[in-house]
Structures are given as C-alpha cells and as structure tokens.
Amino acid sequence: MMNIRDYFLINKTKNPNKIKILDLLGFEADISIDTSEYQIENIEESDNLDQQSFDKLVSNTEEILSTPIQSSIETYLNTTENIIEPSLEPSTDTFNPLKITSQIQKVWSDLESRRKWVFPTFIGILVVLIFSLSITSFLNYRNVQTEIAEDAVVVTSNSNELIDLLPTLIEISTNTFYSKYDVSNASANLQQIESSLIEYRENLDSRTDILDKEEVISNLNNIFLLVNELDLVISYRILISEILVYEELPVKEENVNIDLLTTELSSIIAQSKVNYSSLPEIAEFSNHKNLVEVALITAEDLHGRYLAALRNNEYEVAESISSAILLNKSTEVRAFENSLSAFNQKSLNIYNNLADLP
C-alpha cells in the first residue's frame, strides 16, 4: 500500500515524471504544467532530485500495482484528495428543524414513568417528617415536664425549710430582748421566704401532680399573710425604737445646760413625729399607735415645763417633771410590749394551722 512518504515523493518530482507514475497507477495524465505556480527555488530543487530516488519510487510503484490492493490505493488517493480539498457544500443535516413535539412527548413520557415512584416517595418522606416532628414534640414536652418537676421539688424543699424558720422569726420580731441587729436579720430572712413563696406560686400553675390546688393556694395565702405582717411588725418596731428616746434629763444646777437641753428635746420631738407618721397600720398595734400620738403631745408639753423650771432654777419642779416625761415614755413602752405579745400569740396560731407545701 502506498504510504505518505511515497506520496510526497511524487509531489516533489517533475511533472513529466508525475505523468509516468500516474500512467503506471492507471490514471489519465491530465496535468498542465504551470510554471507560474512555483518559485524559482522550487524548480531548481525539482531539477536536482536524485534520479536514483525516482527510479526507486517507480519500482516501488510497480510492486504496489502487482498486489491485489489497487482498489485500496484508489480509496487512499480519493480520501487524500478529500482531505486536501474539502467539500464546500455543508451537510443538510445541520439545517434540519428541531422536533419540538417529539421532545415534549419524550419529556412527558419520562414524567409519566417517574410518577409511579415520585408520588410514593413524596408520601413516604412526608410521613417520616410528621412522625419525626411528633416524636420530637413529645420528647420536648416530656423534658419540659421533667424540668418543671425537678424545679418544683427544689423550690418546694427550700420553701418548706424557710417556713420552718417562722417561729424563730416570730419570736425575734415580738420580743424586745432582741436588738436592732437581730431584727434586721429577721427582716432579711422574711424577704428570702417571700421570694421563695413567689417562685413556688409561679410554678404552681404548671404542676400536674397537685390535684387540689385551691387548698394549696389558700394555705399559701395564709403563709404570705403571716410573712407580710411579720415584716410590718419589724418595720413598726424599728420606727418606734426612735420615738421619745431620752438619754439623760439633768435636774441639778451644775449639770444643766439650758441651750443644749432645748436643742436635744426639740430634736427628739421632731424625730418622733416623723417616725410616728410612718408607722404601718397593724390591727394588734392600733391602740398603741393612738397612745403614741397622745404621748407625743404630752411629751411636748412636759418638755416646755421642764425647760422653764430649769430656767427659773426650780430644780425640784424640774425633777418631778423629768419623772413625768420618763413615765410617759414607759407607758408607751408597756403598751407596745402588750401589742407585741398579742401579735405573737396570733402569729403562732396562724403558723400552727399552716400545712407543708406539696
């Protein structure tokens, strides 16, 4: 079979030699020699071809023709000619119109075939999603209920422990033996109890383990009432401790300083009036509060007489008036103690009727 090398050797030969080769191959030698197509250098190069190479090419060609593949050579030459000079006529397949209808039918058939598994798959996914959401909601609800129950246990335990402190706080609040420091600590404990009770009441609505909530609420209200009254009593006690408080009432000439005594007694009256106006309303202390009002009026009058006796050097009169001033104060103190005792009994009765929080 002729190879590419032989083909190029034919192209490089002279035109007369090409005619011979084509005659040997069985083609008509219709070649017109046009010297204008070549440059002078190419003509000189063609003249200088080795005659031996040409003879070799001719002999190779004769051998090729003797083989039964002459038809293959012709096919090869035709293919080569088609490669060198491609057809300028475009393929008509390029301009065939798009078969839109057939494509739509194909898409529709695909959809119809997929509908058989798309719809069941969609239903399955939807069922799985609903089932997952249901399980998640149930688990979240159970976790919330568990947290509420745990918080309820802690809050209930703390509240009951603080409620157990009420008898001690009642004693501190109603006994004049305890100092202002003890009373202040009792007030702080009452605030802590109240905060715990408020938290318990807020969690009560979400408690599902309590059947009779009305009874629990009633008991809780009694506890709140007792705590609030104890807090009021502590405030009352702190205010009353600064009403008509006397350090010393001198009755001897060498100890008397009229100007200083006048200032001190005026300050006592002023402070007492301010504290009296701030006293809270408590049923057990209503009589005492009325007595304090009378005691203030009496004390203001006695102060004036006392200072006048000292200015007139009437020291015996001043001494008797100072005793009356102190008696006025002691009367108010006894009435206050009686009110504290009555409140103590009432508070203990309320506490004894309280039940533990569930």
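In the predicted model, a nonpolar surface patch of about 650 Å² is made by Phe122, Ile123, Leu126, Val127, Leu129, Ile130 and Leu133, patches being made of residues with over 30% relative accessible area and no salt bridge, with nonpolar side chains joined within 5 Å. Phe122 lies in helix H6 (residues 100-163), helices being DSSP runs (H or I) of at least four residues, and counts as exposed at 52% relative accessibility, where exposed means over 50% and buried under 20% relative accessible area (1.4 Å probe, protein chains only). Residues are numbered from 1 along each chain. Local features need pLDDT of at least 70, and side-chain atom pairs count only at pLDDT 80 or more.

Five aromatic pairs are found in the whole structure, a pair requiring ring centres within 6.5 Å, with planes under 30 degrees apart counted as stacked, over 60 as edge-to-face and the rest as tilted. Phe285 and Phe336 form a tilted pair, 5.9 Å centre to centre with 45° between the planes; Phe285 lies in the loop between H10 and H11 and Phe336 in helix H12, so the pair ties together parts that are 51 residues apart in sequence. The rings of Phe285 and Phe343 are likewise tilted, with centres 6.3 Å apart and planes at 50°. Tyr236, Phe285, Phe336 and Phe343 form one aromatic cluster.

Terms used: Side-chain values use heavy atoms; hydrogens and water are left out. Patches are made of residues with over 30% relative accessible area and no salt bridge: like charges are joined within 9 Å, nonpolar side chains (Val, Leu, Ile, Met, Phe, Trp, Tyr) within 5 Å. Accessible areas come from the Shrake-Rupley method with a 1.4 Å probe; for residues, only the protein chains shown count as cover. A salt bridge is a side-chain nitrogen of Lys or Arg within 4 Å of a carboxyl oxygen of Asp or Glu. Helices (H or I, at least four residues) and strands (E, at least two) are DSSP runs, numbered from the N terminus. Rings of Phe, Tyr and Trp (its six-membered ring) pair if their centres lie within 6.5 Å; planes under 30 degrees apart count as stacked, over 60 as edge-to-face and the rest as tilted.
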